[in-house]
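Please read them with the sequence and the structure open.

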Amino acid sequence: MMMMMKVKFWKVSSWRRAGDVTQPPGVVVAGVVRWKYARGIATAALARGEGVAKQAIGSFAAGTRVEGTKKSLSESIKHYARCYYELSKVRLSLLVVTTAGVGFVMGSGEVVDWVGLCWTTIGTMLAAASANAFNQIMEVTTDAQMKRTMRRPLPSGRMGMSHAVAFAVTMGVSGVTLLAWKANTITAELGAANVLLYTLVYTPLKQMHPINTWVGAVVGAIPPLMGWAAAAGQIDAGSWVLAAGLYFWQIPHFMSLAFLCRDDYAAGRYKMLSLSDATGHRTALTAFRNCIYLLPLGFLAHQMDITSGYFGVESLLLGACFGATAASFYFQPSSQTARKLFFASLLYLPVFMTAMICHRIPSPIQKNKELLEKSQQGLQVTQIGGESPLPIRDSIERKKPYYGGHVPVRPPIAFLSAAPFPFLPPPDDRTSLL
């Protein structure tokens, strides 16, 4: 028996060593069964793995969709934020807001209403953004022809026209409403008038006549009046000094810019003085002449009692340096001298306004209002305490603004108490204060 088993094992081993594919019947059947069993296990494992793989792929796809949605939303926000930024001309609008803020401070009394200043600057910013957006809406065709402006949202197709109009209207209505609510009607009317002047007068004139530069200077001179009116509640003589400074400053600023960008302006068919001035002397002379107009403003501000005398000297020296760059542009008209004048204008304005604030004298109208409010508060206190309010009233001197100083208000018959009528008793000034 043992011999037979050994012989069979030898035969099977010899067949395997010889590489014969013909297996013994029992071995072949066992192999087929084992192969089918292994294939079943592999198929089950594959099916199970395919389900897991599908589940993983589904989870990955869902996560990708969520991530893609978040990414597309963030990209849309960045896209429109950039479009709004360019449509509003934020840097130019910030300059407008700064001049309005300076006007607010100059028109204030001893104490500046910082909350009112914030509301005024926000409303001015919204109105300026509206005006700039309407400007680009009306000039979309010409902007597409100029290298300096062809990448703006409308000519580049990054924003639709209806979207831009909705933005401009929203900003304009919000800004004027905010100024009327938080400041006063004078400030709101000035803001609305400035938006209309910039949109309906200045923008069309750019393609009609070179006088558009002077109209644009008027637009730039209104924001200081808005700030002053928001603080003082009215526009008085002192406010026009700052407005005049803004007006005369803009002429050399824009003349130098128009000379540097004359090729672009020609492509956009704008009517600028620099395009009809081949030599550049007329453009430079216009800039130099308005620099001269800036020289006496500091002394005028001191004469009107809105700044100290130091501002007159500082303004004179600053205007002389500014005028020197304009004179250089006149004697040698070139892109280099025009660029020097342009950068000098960017330096002049912030220094001028800073010096004016540093040497400011509080508005006499606001001071009188503050004194009157304090006196009314004191009157209420003394009335509650049962004492006579007349001594407190006597300590307040009523004044009215009169350029170089203040004159006390006296009753009409006060002169009768002086010579040659010494026999008449002096009138009781307290009755005029009640």
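Predicted model: local features only at pLDDT ≥ 70, side-chain atom pairs only at ≥ 80, totals over all residues.

1. Start with one of the annotated spans. Residues 186–205 are 100% helix and 0% strand, with the end C-alpha atoms 27 Å apart. Residues 159–180 are 91% helix and 0% strand, and their end C-alpha atoms are 31 Å apart. Helices here are DSSP runs of H or I of at least four residues, strands are runs of E of at least two, and both are numbered from the N terminus.

2. Residues are numbered from 1 along each chain as its sequence is written, and side-chain values use heavy atoms, with hydrogens and water left out.

3. For the chain as a whole, there are 17 helices and 2 strands. Of the 434 residues, 40% are buried. Buried means under 20% relative accessible area, exposed means over 50%, and partly exposed lies in between, with a 1.4 Å probe and protein chains only. Among contacts between residues at least 6 apart in sequence, 72% join residues at least 24 apart; contact means heavy atoms within 4.5 Å.

4. Helix 3 (residues 90–106) and helix 8 (residues 212–232) have axes that come within 6 Å and cross at roughly 35 degrees. The crossing is right-handed. On the helix 3 side the contact is made by V96, T99, A100, G103, F104 and M106, and on the helix 8 side by P223, P224, G227, W228, A230 and A231. The axes are lines fitted to C-alpha atoms over the stretch in contact, and angles run from 0 to 180 degrees between N-to-C directions. Right-handed means that the near helix is turned clockwise from the far one by less than a right angle, and left-handed means anticlockwise.

5. Leaving aside neighbours within four places in sequence, W228 is in contact with G103, F104, M106, G107, G233, Q234, D236, G238, S239 and I306. W228 and S108 are 120 residues apart in sequence, yet their C-alpha atoms are 7.6 Å apart.

6. L95 has a relative accessible area of 32%, so it is partly exposed.

7. T121 lies in helix 4 (residues 114–138). Its side chain reaches the backbone oxygen of C118 at 2.7 Å. Apart from neighbours within four places in sequence, T121 is in contact with V97 and G101.

8. V176 sits in helix 6 (residues 161–182) and is partly exposed because its relative accessible area is 22%. Not counting residues up to four places away in sequence, V176 touches A188, G191 and A192. The C-alpha atoms of V176 and E189, 13 residues apart along the chain, are separated by 7.7 Å.

9. G109, between helix 3 and helix 4, is buried because its relative accessibility is 1%; G109 and S363 are 254 residues apart in sequence and 5.0 Å apart C-alpha to C-alpha. K89, between helix 2 (25–88) and helix 3, has a phi near 50 degrees, a positive value in a residue other than glycine. R269, between helix 10 (262–267) and helix 11 (281–293), has a positive phi of about 60 degrees and is not a glycine either.

10. How many disulfides are there? The count is 0, taking a disulfide as a pair of cysteine sulfur atoms within 2.5 Å. C83 is buried because its relative accessible area is 0%, whereas C358 is exposed because its relative accessibility is 59%.

How values were computed:
Polar contact = N/O pair within 3.5 Å; in protein donor to acceptor, adjacent residues only side chain to side chain.
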